[in-house]
Amino acid sequence: MTKQPNTAATQALKAANERMHHEMNIDWTGDPDRDFVCAMIPHHQGAIEMARVAIDHCSDPELRELAEKIIADQEKEIAEMKAWLAKRWK
């Protein structure tokens, strides 16, 4: 089977990847704790977006299940990081 390099799924994954990398380009503060969290939030959001593409386009049930787990895990971690920021950076 010949794979097409520019499918809707590929376009969606590329867009999510580009958005993620753009958003990860934060204003670096020099505080490694804050910089880590501020860069990781968009990184995790990118993983969520890519996982949603997988759910929409992938045919392998195990992979779709993994994508659902990734979404749940990453959403939880984003909430934890945002709570950390809220406590320390008002």
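In the predicted model, Gln 74 touches His 44, Ala 47 and Ile 48, when residues up to four places away in sequence are not counted. Gln 74 is found in helix H3, which comprises residues 61–88, and with a relative accessible area of 15% it falls under the 20% limit and is therefore classed as buried.

Gln 74 belongs to a set of buried residues in H3 that also includes Ala 67, Ile 71, Ile 78, Met 81 and Leu 85, and the buried residues of this helix pack against H2. The 28 residues of H3 should span 40 Å at 1.5 Å a residue, and the end C-alpha atoms lie 41 Å apart, in agreement with that expectation. The N-terminal end of H3 is capped by Asp 60, a side-chain oxygen of which lies 2.7 Å from the backbone nitrogen of Glu 62.

Helix H1, which runs over residues 8–24, was examined in the same manner: its 17 residues should span 24 Å at 1.5 Å a residue, and its end C-alpha atoms are 24 Å apart, which agrees. Within H1, Ala 9, Ala 16 and Met 20 are buried. Seen down the axis of H1, the buried residues fall within an arc of 35 degrees, so they line one face of the helix. An α-helix has 3.6 residues a turn, so residues three or four places apart point the same way. The buried residues of H1 pack against helix H2 (32–57), whereas the face of H1 turned away from its buried side carries the exposed residues Ala 8, Glu 18 and His 22.

Methods: Residues numbered from 1 in each chain as written. Predicted model: local features only at pLDDT ≥ 70, side-chain atom pairs only at ≥ 80, totals over all residues. Heavy atoms only, no water. Helix = DSSP H or I, 4+ residues; strand = E, 2+ residues; numbered from the N terminus. Buried < 20%, exposed > 50% of the residue type's maximum accessible area, 1.4 Å probe, protein only. Contact = heavy atoms within 4.5 Å. Expected span 1.5 Å × (residues − 1). Arc of directions from axis to C-beta. Polar contact = N/O pair within 3.5 Å; in protein donor to acceptor, adjacent residues only side chain to side chain.
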